[in-house]
There are 2 protein chains.
Amino acid sequence: MSLKIAIAQINFLVGNIAANVQHIIESAHTARDELGADIIVFPELTITGYPAEDLLLRKDFIAAANNAVYSLAEQVSGIALVVGYPELDGDRLYNSAVVLHQGVTLANYRKQALPNYGVFDEQRYFAEGSQPCVFEFNGTFIGLTICEDVWQGGIIAKTKQAGAELLLTLNASPFNAGKIHQREAVICEQIKAAQIPLVYVNQIGGQDELIFDGASFVTDSNGELVFRAAEFAEQISVIEFHEGLPVANHCAPQYEATAGIYQALVLGIKDYVRKNGFSGAILGLSGGIDSALVLALAVDALGADKVEAVLMPSRYTQDMSNEDAVLQANAMGVQYHIVPIEPAVNAFTGMLADIFAGTKKDTTEENIQARCRGVILMAMSNKQGRLLLTTGNKSEMSVGYATLYGDMAGGFAPIKDVPKLLVYALANYRNSLSPVIPERVITRPPSAELAPDQVDADSLPPYDILDPILERYVEQDQAADEIIAAGFKREDVARAISLVDRNEYKRRQSPPCIRITSRAFGRDRRYPITSGYRGI
Amino acid sequence: MSLKIAIAQINFLVGNIAANVQHIIESAHTARDELGADIIVFPELTITGYPAEDLLLRKDFIAAANNAVYSLAEQVSGIALVVGYPELDGDRLYNSAVVLHQGVTLANYRKQALPNYGVFDEQRYFAEGSQPCVFEFNGTFIGLTICEDVWQGGIIAKTKQAGAELLLTLNASPFNAGKIHQREAVICEQIKAAQIPLVYVNQIGGQDELIFDGASFVTDSNGELVFRAAEFAEQISVIEFHEGLPVANHCAPQYEATAGIYQALVLGIKDYVRKNGFSGAILGLSGGIDSALVLALAVDALGADKVEAVLMPSRYTQDMSNEDAVLQANAMGVQYHIVPIEPAVNAFTGMLADIFAGTKKDTTEENIQARCRGVILMAMSNKQGRLLLTTGNKSEMSVGYATLYGDMAGGFAPIKDVPKLLVYALANYRNSLSPVIPERVITRPPSAELAPDQVDADSLPPYDILDPILERYVEQDQAADEIIAAGFKREDVARAISLVDRNEYKRRQSPPCIRITSRAFGRDRRYPITSGYRGI
């Protein structure tokens with residue numbers, strides 16, 4: 001007995017049901033006609049995209065999604081479809097998968113394990129299913145599961161007990177560094193324990209702060225991988241099952257860790273710009289490492305003709321900053337403008353002279369400079385319909401070393417979840433492909449250039465100390481004492497933590513980022529602004 | 001048999017366990033010594049404040065909260081305490097209430113109904129309890145419940161079946177317009193069905209976007225109110241139970257609807273400023289109705305000496321705008337500054353002249369004006385440590401009729417959840433107490449004054465049409481067809497809805513507001529920015 005299962009690792013658009021249905025139909029035809037597939041499996045909540053968030057509370061949206069599923073059954077023949085959708089039953093909504101074949105519903109499964117942690121809010125929307133689901137297709141008994149279901153042993157075992165010889169799972173499993181290995185390790189272990197082959201289909205694409213990396217895979221009943229789809233790319237592939245076992249197939253090569261993060265960032269920028277209909281992107285290019293990396297990412301994502309750089313020097317900008325910015329813009333073939341900020345800074349200084357008379361200079365004056373740059377960049381973004389990319393990194397965002405409405409201005413902050421040390425690693429990785437970031441940008445001491453001879457190290461611990469402290473505090477929820485016990489100086493820990501604690505208000509108004517760590521500032525770190533908690 | 005139960009309607013600070021413990025101890029001593037209470041009941045999650053959000057994921061925070069409860073038992077004698085806390089048991093966390101008396105734990109209850117909708121995310125943090133809890137105190141059998149538990153009949157009935165003669169409930173029930181009546185109506189009905197007296201203790205105070213209104217109450221076993229505490233104020237009161245029935249007591253008068261919303265806004269500003277340690281507030285005063293209302297609210301919340309107004313006229317600002325702004329500032333005794341924005345606007349126009357050569361004027365130029373005002377206000381806020389209040393209303397925020405980093409700049413947006421028609425109602429209400437907002441501000445047609453002779457009605461449907469459409473679409477999730485069927489013109493509905501759909505990116509970067517409707521833009525409306533959904 002032979003069965004050909006197509007894996008539809010597809011990039012859907014959240015909320016656009018009509019377009020997603022069209023994408024499903026075209027993919028099914030490709031799988032049927034070009035790949036000879038008997039059945040095609042799509043990712044979790046195919047019809048709506050994932051996560052549709054509070055769109056799932058709209059009755060019109062849910063009705064449209066359910067109607068789309070009914071109509072799908074009649075629009076595709078000659079291949080079975082396994083499609084995810086928000087299933088309405090009375091006043092309950094389920095995260096479901098349906099099997100459609102020749103106009104008939106062969107099976108319908110309701111997800112049992114609803115994640116409600118980290119970036120997931122599924123218990124806000126869905127009721128839990130309680131039954132395994134097994135259907136017969138061409139003589140094979142196939143079990144259905146959805147995402148979180150297969151991270152737990154119990155549901156896999158129950159599905160096998162219900163008669164499944166083969167497991168399909170529809171997923172929307174978001175990326176973070178190390179996630180692909182972790183995902184395969186955890187799930188293959190579950191599969192090995194349950195002894196049942198698995199077809200794992202993951203969504204791919206960027207959706208606000210989340211990246212879905214694809215990397216769909218198939219294991220035999222021992223949990224050994226026999227197939228892996230590409231990372232960070234759409235792919236429709238077909239796997240043949242012979243006598244109930246998958247025939248070994250191509251395993252796509254995997255990106256090394258830094259390269260994978262780079263790919264995730266490129267995909268994130270590309271999809272945010274494309275899915276939101278921007279004509280391109282602009283950014284402020286300072287001659288520093290952060291904007292240099294974002295420029296490289298943007299050009300790799302969108303092409304040089306879709307990206308514009310703006311140099312906005314002040315009296316504190318060193319010549320080498322301007323030189324290096326121009327060097328990179330030229331190296332990448334990007335149009336750039338130079339707009340010195342002095343006239344605007346002087347105007348504000350004059351306008352505020354009376355009010356500020358007798359006060360001392362402080363960060364207020366630095367913020368004015370940063371905000372003048374924000375006004376210029378936003379004006380250019382408004383005029384041209386190009387997305388303003390914010391260039392700040394995670395280390396800065398953690399400690400609030402950034403100006404609200406200044407360098408924090410923008411619609412999308414690609415490296416907001418990238419700690420400074422990783423910014424350097426990514427810049428070096430990019431230069432290893434072709435040298436685009438001037439070496440001096442990488443080697444000079446980082447500076448905001450908002451005051452004479454200013455360097456980051458004046459205000460912050462060095463990044464090789466700061467970054468690991470932040471990772472422990474922000475991502476791992478470690479207490480100050482634990483971090484100190486791990487070998488960090490109390491004063492460094494105290495400085496870092498107290499800045500993190502005090503700057504939630506800034507982060508709350510920052511643009512969305514691309515999540516590449518296990519905890520980004522965004523939907524998976526929900527802190528009160530008004531808070532008496534002090535980590536130290 | 002007589003029992004005196006104190007109701008501790010207290011304003012706690014989220015995250016500050018030490019301060020909250022101190023507040024508990026002082027309140028208990030007051031209740032014991034001044035009111036002769038036998039037992040004092042605090043709101044839900046007393047120790048941490050509510051909602052502590054992802055602080056609840058921190059092991060150090062949870063350990064501190066649990067230790068605080070153990071230590072409390074030894075710090076208060078002569079009165080029993082009923083205190084809410086996040087109870088750690090193994091690796092599970094419960095939303096619990098503990099009864100402490102003379103160093104002994106009399107009872108411990110784990111909340112059974114965990115809300116995970118609207119502004120609530122309790123299933124992100126807590127495991128569900130499964131047992132009712134009844135303890136004997138001075139011969140009375142008392143049942144414990146927590147908030148959501150008493151909105152459902154089942155848990156009340158089970159607690160009574162377990163022997164309770166009297167029910168205590170600890171709450172953190174947030175305000176929105178009409179909520180106090182709704183809360184009393186729903187819960188009294190449950191109580192009437194179950195036939196058991198209830199002591200309902202609610203938190204009071206502002207916490208980021210949430211307002212807790214207090215309005216604690218006591219009912220007899222028929223669900224008839226025999227006591228109600230003040231709205232929007234701290235209060236410790238004592239209720240005597242005689243032979244198991246509450247002795248009738250004082251019912252505080254209730255605010256009429258508009259007055260109640262006004263109180264909520266005043267409390268919200270007061271607590272945000274106080275709890276976050278600002279020295280006061282500043283705002284841009286335009287001569288329009290929105291900033292006029294926010295100024296009145298700020299002065300009522302903080303006092304005139306803590307509030308500063310800034311007039312920032314441009315060439316498009318009418319004389320009456322400046323005149324009325326000055327009139328109100330003087331009427332309220334508030335210091336004001338006048339900073340014309342022309343120099344900065346001219347500077348930016350000059351700086352961008354080459355880049356914008358050959359392009360047409362559009363909203364870009366309007367945004368530059370708004371952003372110059374943002375820079376000035378933020379500079380003053382930075383220099384003085386005063387909170388910048390953002391003055392935009394909900395109608396504008398819905399349709400994106402506001403400039404990101406311009407008039408949207410600020411740390412807190414008091415009326416972001418107040419639709420324009422309600423802004424007028426609140427202004428009239430405030431003037432009915434004492435006339436502070438010039439009549440012309442209320443009667444003139446609203447205008448952003450960013451272009452010659454501009455009025456809102458050029459770009460938007462009139463507010464008496466726009467506001468009800470927005471309420472249906474944003475708060476009630478109605479589909480376009482439903483709204484049209486209710487009597488609105490298709491073109492108005494289409495204009496409003498498409499603007500709402502397209503402006504999620506702006507709202508995502510807006511400051512937190514004070515939630516006064518059943519769905520604010522904030523934690524209870526979680527929409528994707530990248531979205532193909534179109535409501536029409």
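**Figure 1. A loop residue between β6 and β7 of chain A.** A:Asn138 sits in the loop that links β6 (134-137) to β7 (140-146) of chain A. The model shown here and in the other views is predicted. Phi of A:Asn138 is near 50°. That value is positive, and the residue is not a glycine. Most residues other than glycine have a negative phi.

Figure 2. In chain A, A:Tyr50 and A:Pro51 are joined by a cis peptide bond. Its omega is about -5°. A:Pro51 belongs to the loop between β2 (39-41) and α2 of chain A. In chain B, a cis peptide bond links B:Tyr50 to B:Pro51, with omega about -5°. B:Pro51 is placed in the loop between β2 (39-41) and α2 (59-75) of chain B. Most peptide bonds are trans.

**Figure 3. The open sheet of chain A.** Seen across the sheet, 7 strands follow the order β5-β4-β3-β2-β1-β14-β15 in chain A. The sheet is open and its pairing is mixed. At the edges stand β5 (104-110) and β15 (245-246) of chain A. Each has a single partner strand, so one side of each is left without a neighbour in the sheet. Strand β14 (residues 235-242) of chain A and β15(A) run antiparallel and are joined by 2 bridges. Here A:Phe241 stands opposite A:Pro246 of β15(A). Helix α2 (residues 59-75) of chain A packs on the sheet. This helix touches β3 (80-89) and β4 (92-101) of chain A. The direction of α2 makes about 150° with that of β3(A).

**Figure 4. The open sheet of chain B.** In chain B, 7 strands form an open sheet of mixed pairing, in the order β5-β4-β3-β2-β1-β14-β15. The edge strands are β5 (104-110) and β15 (245-246) of chain B, and each pairs on one side only. Strand β1 (residues 2-9) of chain B runs parallel to β2(B), and 3 bridges join the two. B:Ile5 stands opposite B:Ile39 in β2(B). Helix α2(B) packs on the sheet and touches β3 (80-89) and β4 (92-101) of chain B. Its direction makes about 150° with that of β3(B). Strands of a sheet pair through backbone hydrogen bonds, either parallel or antiparallel.

**Figure 5. Helices α1 and α2 of chain B.** Helix α1 (residues 17-33) of chain B packs against α2(B) at an angle of about 25°. The two axes are 10 Å apart. Angles under 35 degrees count as roughly parallel. α1(B) and α2(B) are therefore roughly parallel to each other. Their crossing is right-handed. From α1(B), the contact draws on B:Ile17, B:Val21, B:Ile24, B:Ile25 and B:His29. From α2(B) come B:Phe61, B:Ala64, B:Ala65, B:Ala68, B:Leu72 and B:Gln75. By class, the contact of α1(B) with α2(B) has 9 nonpolar residues, 2 polar and no charged ones.

**Figure 6. Helices α7 and α8 of chain A.** Helix α7 (residues 289-302) of chain A and helix α8 (residues 319-332) of chain A pack at about 10°. Their axes lie 11 Å apart. α7(A) and α8(A) are therefore roughly parallel to each other. α7(A) passes α8(A) in a right-handed crossing. On the α7(A) side, the contact residues are A:Ala292, A:Leu295, A:Ala296, A:Val299 and A:Asp300. They meet A:Gln328, A:Ala329 and A:Met332 in α8(A). The contact of α7(A) with α8(A) has 6 nonpolar, 1 polar and 1 charged residues.

**Figure 7. Surroundings of A:Val326.** A:Val326 is part of helix α8 of chain A. Leaving aside neighbours within four places in sequence, A:Val326 is in contact with A:Leu311 and A:Tyr336. A:Ile338 is 12 residues from A:Val326 in sequence. In space, the two are 9.5 Å apart, C-alpha to C-alpha.

**Figure 8. The interface of chain A and chain B.** From chain A, 79 residues are in contact with 79 residues of chain B. The size of an interface is often given as the accessible area lost when the parts come together. Chain A and chain B bury about 6800 Å² between them. Of this area, 57% is on carbon and sulfur atoms. In chain A, the residues that lose the most area to chain B are A:Arg58, A:Lys383 and A:Thr530. Together they make up 12% of what that side buries.

Technical notes:
Residues numbered from 1 in each chain as written. Chains lettered and ligands numbered in written order. Predicted model: local features only at pLDDT ≥ 70, side-chain atom pairs only at ≥ 80, totals over all residues. Heavy atoms only, no water. Axes fitted to C-alpha atoms, helices over the stretch in contact; angles between N-to-C directions. Helix = DSSP H or I, 4+ residues; strand = E, 2+ residues; numbered from the N terminus. Parallel < 35°, antiparallel > 145°, perpendicular 65-115°, else oblique. Left-handed = near helix turned anticlockwise from the far one by under 90°. Contact = heavy atoms within 4.5 Å. Nonpolar A, V, L, I, M, F, W, Y, C, P; charged D, E, K, R; others polar. Pairing = 2+ DSSP bridges. Buried area = accessible area lost by both parts, 1.4 Å probe.
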